[in-house]
Amino acid sequence: MGGKITKGYKALLEEANAVIETLSVADAVALHGDDTVVFVDIRDVRELQREGKVPGALHVPRGLLEFWVDPDSPYFNPAFGEDKRFVFFCAAGWRSALATRAVQEMGLAPVAHVDGGFGAWREAGGPVEEPKARAES
């Protein structure tokens with residue numbers, strides 16, 4: 001019978017948060033600009049265009065993350081082969097919690113995610129590169 005699930009997103013988030021490192025937004029903002037840290041923005045490109053982005057963050061759409069992390073993938077991004085700490089974020093912290101767990105299970109380390117995501121980052125006064133105004137057509 002379709003539509004029946006055995007585990008919902010809340011359970012998935014609870015499981016992920018039990019095994020990953022979650023940074024407060026204040027701690028994450030304090031890390032910004034540290035050359036040993038790579039911020040990874042997993043939001044959709046439309047979110048970046050609409051809301052802006054964290055300066056210097058690597059944009060990796062959530063749907064491609066595992067492929068970009070795996071060195072055996074034709075889509076591997078060499079940034080993930082560097083000896084750095086990876087801090088993931090999305091809009092509110094849900095997708096990034098699940099993403100952080102996924103890459104941690106793949107063996108990427110050290111990894112963490114930002115509690116509250118980009119929304120909390122902006123609210124806390126973290127640096128934001130505002131979106132460029134789109135040309136009228």
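Me: Which residue does E47 form a salt bridge with?
Reply: R95, with the closest N and O atoms 2.9 Å apart. A salt bridge here is a side-chain nitrogen of Lys or Arg within 4 Å of a carboxyl oxygen of Asp or Glu. This is a predicted model, where local features need pLDDT of at least 70 and side-chain atom pairs pLDDT 80 or more, while totals for chains, interfaces and linings use all residues. Side-chain values use heavy atoms, without hydrogens and water, and residues are numbered from 1 along each chain as its sequence is written.

Me: Where do E47 and R95 sit?
Reply: E47 is in helix 3 (residues 45-51) and R95 in helix 5, 48 residues apart. Helices are DSSP runs of H or I, at least four residues, and strands are runs of E, at least two, numbered from the N terminus.

Me: Is E47 buried or exposed?
Reply: Buried, at 10% relative accessibility, whereas R95 is partly exposed at 30%. Buried means under 20% relative accessible area, exposed over 50%, partly exposed in between (1.4 Å probe, protein chains only).

Me: OK, strands now. Why is strand 4 largely enclosed?
Reply: Because four of its five residues (85-89) are buried.

Me: Which strands does strand 4 bridge to?
Reply: Five bridges join strand 4 to strand 2 (residues 37-41), running parallel. Strands pair if DSSP finds at least two bridges between them.

Me: Which residue is the bridge partner of F86 in strand 5?
Reply: V111.

Me: And how many salt bridges does the structure hold?
Reply: 13. One of them joins K7 and E15, at 2.9 Å from N to O.
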